[in-house]
Amino acid sequence: MTESSTPASMPTDAAGTARPSVLFVCVHNAGRSQMAAGFLSHLSEGRIEVRSAGSQPADQINPSAVEAMAEEGIDITAETPKILTDDAVKASDVVITMGCGDECPYFPGKRYEDWVLEDPAGKGVDSVRPIRDEIRTRIQQLISELLPAEAPAHP
């Protein structure tokens, strides 16, 4: 299910340019959604507001996800699993679910995507790397959709 819109209250960056916002949701908010949030924050260079949450948050981030992201030069050690709230969904333009099913609230006017990705819970870093790489590919595509190509600079 996908819906698109541009809310009037879209956050802005320091230059006053509207920034789209994305919420990543998985069950534990410890692996997939944290890696996706890490990639989007890093690769969008702050041009997209990023949130993540879980329907049943874990106590800590998956250590294999932390290690796999560190290999990409992205530190997610300061992140903590957070509970999914209606407010987080309402405040986001795009909601990307990763296996939370019907536990994610639906609000009209939001763009929803469901990314079917293997759950990295209980897996070693060797098994998490392919999941991480798939997430990176999807994040790069998402950025190309949310951030139109910048106009060339004028001399």
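Good morning. I begin at the start of helix α2, where a side-chain oxygen of Asn 62 comes to within 2.7 Å of the backbone nitrogen of Ser 64. Please keep in mind that the model before you is predicted.

Helix α2 itself covers residues 63-70. Its buried residues are Ser 64, Ala 65, Val 66, Ala 68 and Met 69. What covers these buried residues of α2 includes α1, residues 32-44, and α4.

Let me turn to the packing of α2 with α4. Two packed helices are described by the angle between their axes and by the distance between those axes. Helix α4 spans residues 125-146, and α2 packs with α4 at an angle of about 60°, the axes being 9 Å apart. The crossing of α2 past α4 is right-handed. On the α2 side, the contact is made by Ser 64, Ala 65, Glu 67, Ala 68 and Met 69; on the α4 side, by Val 125, Val 128 and Arg 132.

I come now to the aromatic residues. How many aromatic pairs does the structure hold? There is one. The ring centres of Phe 24 and Trp 115 are 6.0 Å apart and the planes stand at 55°, so the pair is tilted. Phe 24 belongs to strand β1, residues 21-26, whereas Trp 115 lies in the loop between β4, residues 111-114, and α4; the pair therefore ties together parts that are 91 residues apart in sequence. Are Phe 24 and Trp 115 buried or exposed? Both are buried.

Thank you for your attention.

Note on methods:
Residues are numbered from 1 along each chain as its sequence is written. This is a predicted model: local features need pLDDT of at least 70, side-chain atom pairs count only at pLDDT 80 or more; totals for chains, interfaces and linings use all residues. Side-chain values use heavy atoms; hydrogens and water are left out. Axes are lines fitted to C-alpha atoms, for helices over the stretch in contact, and angles run from 0 to 180 degrees between N-to-C directions. Helices (H or I, at least four residues) and strands (E, at least two) are DSSP runs, numbered from the N terminus. A crossing is left-handed if the near helix is turned anticlockwise from the far one by less than a right angle, and right-handed if clockwise. Contact means heavy atoms within 4.5 Å. Rings of Phe, Tyr and Trp (its six-membered ring) pair if their centres lie within 6.5 Å; planes under 30 degrees apart count as stacked, over 60 as edge-to-face and the rest as tilted. Buried means under 20% relative accessible area, exposed over 50%, partly exposed in between (1.4 Å probe, protein chains only). A polar contact is a pair of N or O atoms within 3.5 Å; within protein, one must be able to donate a hydrogen and the other to accept it, and residues adjacent in sequence count only if both atoms are side-chain atoms.
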